[in-house]
Amino acid sequence: MSKSRTFFSQLRGWSWLRITIVTTFLALCIGIGGIAGILWIATRDLPTFDSFQDYHPSLVSRVYAENGEIIGQFFIERRLYTPIDKIPQAFTQAVIATEDTRFFEHPGLDIIGIGRAAWTNMKKGGRFQGASTITQQLARALFLSPERTYQRKIKELILAVKMEWVLTKEQILEMYLNQIYFGHGAYGVAAAALTYFDKNVSDLTLPESAFLAGLPKAPNTYSPYRNPDLAKSRKELVLGRMVEAGYITNEDAQAAMATTLSYRHQSIEPIAAYFLEEVRQHLVDRYGETLVYRGGLRIYTTLNIAMQKSAEEAVRTGLRQLDKRQGWRGPIEHIAFSKDFTPPDTFPELQSPKAALVHGLYRALVTDVTKKSAQVLIGNTYKGSILFEDMRWAQRRLEKNGDVGTAVVRDKASPLQLLKVGDIIEVAPKNGTVESGEFILEQTPIVEGALIALDPRTGAVQAMVGGYDFTRSQFNRAVVARRQPGSAFKPLIYASALQQGLTPATLILDAPVVYEDEDLDRIWKPENYEKRFFGTITLREALRHSRNAATVRLLEQIGVPEVVNIASNLGIRSPLSQDLSLALGSSSVTLQEITSAYGVFADQGLWLEPYLITHAKNLNGEILEQHLFEPQQAMTKENAYLITNMLMDVIQSGTGRLAKSIGRPLAGKTGTTNSYNDAWFVGYAPNLATGVWVGFDGVRTLGRLESGAHAALPIWTRFMDQALLNSPVMTFPIPSDIQFAQIDTTTGDLPSKNSRNISTEVFRKGTEPGKAAPQKANPMDFFEFDRLNSESTNQLSPF
């Protein structure tokens with residue numbers, strides 16, 4: 001008999017009970033094995049228990065100004081972690097009542113809730129969904145994707161149970177309230193409180209808490225900015241569930257429902273973009289992007305908000321004025337216009353006032369032009385006019401992409417010749433608001449500029465503007481760009497001369513001189529700005545009026561290596577040329593370097609490295625870095641004062657006279673390079689050193705007569721006037737070894753009874769003149785003086 005027959009014969013002898021038991025057992029084994037396999041497949045890539053304990057959410061790193069105000073944030077998810085004991089009880093109760101009323105009773109999954117949801121889904125024929133506990137939602141938010149599949153749901157349930165084994169209910173609730181998304185970029189309740197009410201989470205009221213608790217289910221749907229009615233209904237639903245859960249009374253709920261919420265988005269005013277970028281780059285280079293964008297750092301900086309605003313306004317105003325002096329480049333665009341005009345989609349700036357504001361100016365459509373004015377429309381909303389006097393500057397017309405040399409002046413051009421109906425132009429409100437209806441014709445400057453202001457006593461950078469507009473160009477011209485400083489470099493030449501024992505009264509010859517380079521077959525003839533020479537003058541006079549020939553002769557006398565050495569001591573790190581052209585600022589430096597060097601003159605010869613960050617802390621409050629002051633004595637305090645005293649003359653009666661209007665002790669120097677390519681003014685008060693540069697990124701002329709005094713000094717003056725407005729008037733401290741004495745300025749000696757040009761000069765003790773001037777000077781002395789100080793002039797090469 002075959003084996004199969006034997007098996008079936010035996011099977012026929014079994015009772016139905018035995019067959020049922022065996023079949024059930026086999027089915028259970030297969031079922032359990034199948035479930036185990038499914039669970040193994042579903043859970044093989046789930047996080048470990050340690051992952052729950054090491055929870056580190058992505059947190060916002062915040063940047064603070066010197067007064068503690070927030071000026072910027074670095075983040076991927078805008079989240080501010082808040083401990084559970086700092087969150088109002090009303091809010092936690094609102095969340096529990098809305099999302100998971102049995103939160104403190106279930107082990108991570110709510111069997112009753114699951115059964116109820118399953119029955120509902122079976123009746124509706126839908127997928128298994130709903131009944132997610134707070135723990136499940138947290139597990140999904142931390143570790144899983146938002147897809148709705150059975151596999152994800154199984155993982156979610158398992159993770160929830162595992163989390164309940166490892167964490168307390170309070171820990172889970174704290175993590176949940178800091179993790180979930182509330183809409184409009186806000187992650188966690190603290191960010192949500194700022195986003196919707198501009199207040200700290202601890203200050204939330206009951207109606208505000210109820211509103212926020214209703215958001216996580218559908219943040220966009222219940223946004224008060226998009227759907228205010230739905231947001232109100234959702235808030236009322238949450239309050240009703242709080243009553244059902246016994247957290248509040250019906251009277252409390254009714255009072256909260258009747259409260260009208262005032263939504264105020266926290267606004268961090270865009271400010272100091274270039275400064276913040278410097279801070280960001282430093283932090284990323286030092287700590288990496290993960291810590292900066294996710295670590296919740298607190299970065300405290302040196303920025304003075306009031307000064308920064310003044311700096312941005314001064315640079316913007318100065319560059320616009322310069323750009324208008326160069327000429328008008330014409331309308332941005334021209335389109336067809338009629339009475340039934342509708343802004344085309346290709347010009348969104350014509351569709352709303354908000355879109356019309358670009359780089360600080362409004363883009364407007366010209367709707368009518370007469371002999372005296374032009375009518376404009378802004379954002380298809382605001383109407384206004386531009387009077388001829390407010391567009392007269394446009395009579396100087398530039399080619400579209402031409403430089404200042406292409407300008408053509410049309411003196412008799414009226415608005416009819418300057419503008420046409422359908423022109424898209426740039427304007428600015430004449431009285432500060434678009435509602436006034438009065439505008440000025442403007443244009444976004446092509447020319448660039450930069451400003452940096454620091455406290456010379458500490459090196460703290462108080463304000464920084466790296467260009468006209470950060471959104472247009474992120475290149476920071478205040479700290480990165482190297483440009484020729486021109487005469488702004490001269491104080492370093494004179495400082496080196498003083499270090500070698502010369503005085504402000506020392507005579508130097510300002511006369512024609514020619515330098516030859518036989519190898520390159522070139523000659524160099526330094527000339528003064530005025531195209532004339534002034535003979536024998538004092539060092540003070542040479543610096544006050546920026547005499548080029550005299551300064552070149554001075555550098556030849558003291559030696560280039562000495563100047564390079566003192567420049568290094570004053571913080572100049574850019575490479576410097578080793579020839580006489582250094583006297584006229586031929587070597588490119590950064591604005592920060594030259595401003596920091598001037599700060600040494602202001603701070604009695606001490607150099608302190610410029611810095612932006614005072615200290616930075618991690619999430620636990622531990623200090624990651626802290627600025628340490630390491631002052632270096634770059635030059636004697638007496639010589640620093642002598643240079644300051646000489647540079648004060650530049651403002652009182654020299655090339656910096658415009659700054660005299662500020663009416664307080666100031667010192668500074670203009671700088672202009674060949675062909676008017678770069679314009680500088682660097683100067684200081686005892687408590688603030690500021691440098692300004694103006695020029696094009698691609699080196700080209702600013703225009704005839706656009707010197708440092710004309711292009712950069714007005715920006716410097718406007719900024720310093722505002723920056724020092726609330727500071728007490730301070731004088732430059734006079735060291736004890738400083739001596740004042742009268743001199744004859746034509747000889748540099750003590751005055752005699754025949755002296756006609758007498759002034760009070762300042763000296764370091766021991767260097768003041770000890771003899772009277774000769775009664776009469778011989779004209780031939782000029783040549784002898786020149787021969788003694790520069791015997792081999794014509795054989796030296798500046799190249």
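User: Why does Asp469 count as buried?

Analyst: In this predicted model, the relative accessibility of Asp469 is 9%. The cut-off for burial is under 20%, so Asp469 counts as buried.

User: What makes the contact between Arg316 and Asp469 a salt bridge?

Analyst: The separation of their side chains is 3.0 Å, N to O. A salt bridge requires a side-chain nitrogen of Lys or Arg within 4 Å of a carboxyl oxygen of Asp or Glu, and the pair of Arg316 and Asp469 therefore qualifies. Arg316 belongs to helix H15 (residues 305-326), while Asp469 is in the loop between strand S17 (461-465) and helix H18 (490-499), so the bridge ties together parts that are 153 residues apart in sequence.

User: Which accessibility class does Arg316 fall into, and why?

Analyst: Arg316 has 23% relative accessibility. Partly exposed residues lie between the 20% limit for buried and the 50% limit for exposed, so Arg316 counts as partly exposed.

User: How do you know that Glu442 and Lys324 form a salt bridge?

Analyst: Their side chains meet at 3.4 Å, N to O, and the rule asks for a distance within 4 Å. This pair links distant parts of the chain: Glu442 is in strand S15 (residues 439-442) and Lys324 in helix H15, 118 residues apart.

User: Are Glu442 and Lys324 buried or exposed, and why?

Analyst: Glu442 has a relative accessible area of 10%, and Lys324 has 18% relative accessibility. Burial requires a value under 20%, so Glu442 is buried and Lys324 counts as buried.

User: What makes Lys430 and Glu389 a salt bridge?

Analyst: The N to O distance between their side chains is 3.5 Å, and the limit is within 4 Å. Lys430 lies in the loop between strand S14 (423-429) and S15, and Glu389 in the loop between strand S11 (382-387) and strand S12 (396-397), so parts that are 41 residues apart in sequence are tied together. With a relative accessible area of 32%, Lys430 is partly exposed. Glu389 has 53%, and the limit for exposed is over 50%, so Glu389 is exposed.

User: Which residues do salt bridges with shared partners join into one network?

Analyst: The network consists of Arg540, Glu541, Arg544, Asp649 and Glu761. By the salt-bridge rule, the count comes to 24.

User: What is the span of helix H11, and how does it compare with the expected value?

Analyst: Helix H11 (residues 228-244) has 17 residues and reaches 25 Å from its first C-alpha to its last. At 1.5 Å a residue the expected value is 24 Å, so the span is close to expectation.

User: How do you know where the buried residues of H11 lie around its axis?

Analyst: The buried residues are Ala231, Arg234, Lys235, Val238, Leu239 and Met242. Their arc around the axis is only 140°, which places them on the same side of H11. They pack against helix H4 (89-99), helix H10 (206-213) and helix H12 (250-258). The face turned away from this buried side carries the exposed residues Asp229 and Glu244. After H11 comes Gly246, with a positive phi near 85°.

User: What makes the phi values of Asp198 and Gln604 worth noting?

Analyst: Most residues other than glycine have a negative phi. Asp198 is not a glycine, yet its phi is positive, about 50°. Gln604, also a residue other than glycine, has a positive phi near 55°. Asp198 is in the loop between helix H9 (189-197) and H10, and at 38% relative accessibility it counts as partly exposed. Gln604 is in the loop between helix H22 (591-602) and strand S22 (606-607); with a relative accessible area of 31%, Gln604 is partly exposed.

User: Why does Leu628 count as exposed?

Analyst: Leu628 has 61% relative accessibility, and the limit is over 50%, so Leu628 counts as exposed. The residue sits in the loop between strand S24 (623-626) and strand S25 (632-633).

User: Where does pLDDT stay under 50?

Analyst: This holds over residues 777-799, for which the model has 35 contacts beyond four places in sequence. Where pLDDT is low, the predicted coordinates should not be read in detail. The chain averages a pLDDT of 87, and 85% of the residues score at least 70.

Technical notes. Residues numbered from 1 in each chain as written. Predicted model: local features only at pLDDT ≥ 70, side-chain atom pairs only at ≥ 80, totals over all residues. Heavy atoms only, no water. Helix = DSSP H or I, 4+ residues; strand = E, 2+ residues; numbered from the N terminus. Buried < 20%, exposed > 50% of the residue type's maximum accessible area, 1.4 Å probe, protein only. Arc of directions from axis to C-beta. Contact = heavy atoms within 4.5 Å. pLDDT = per-residue confidence, 0-100.
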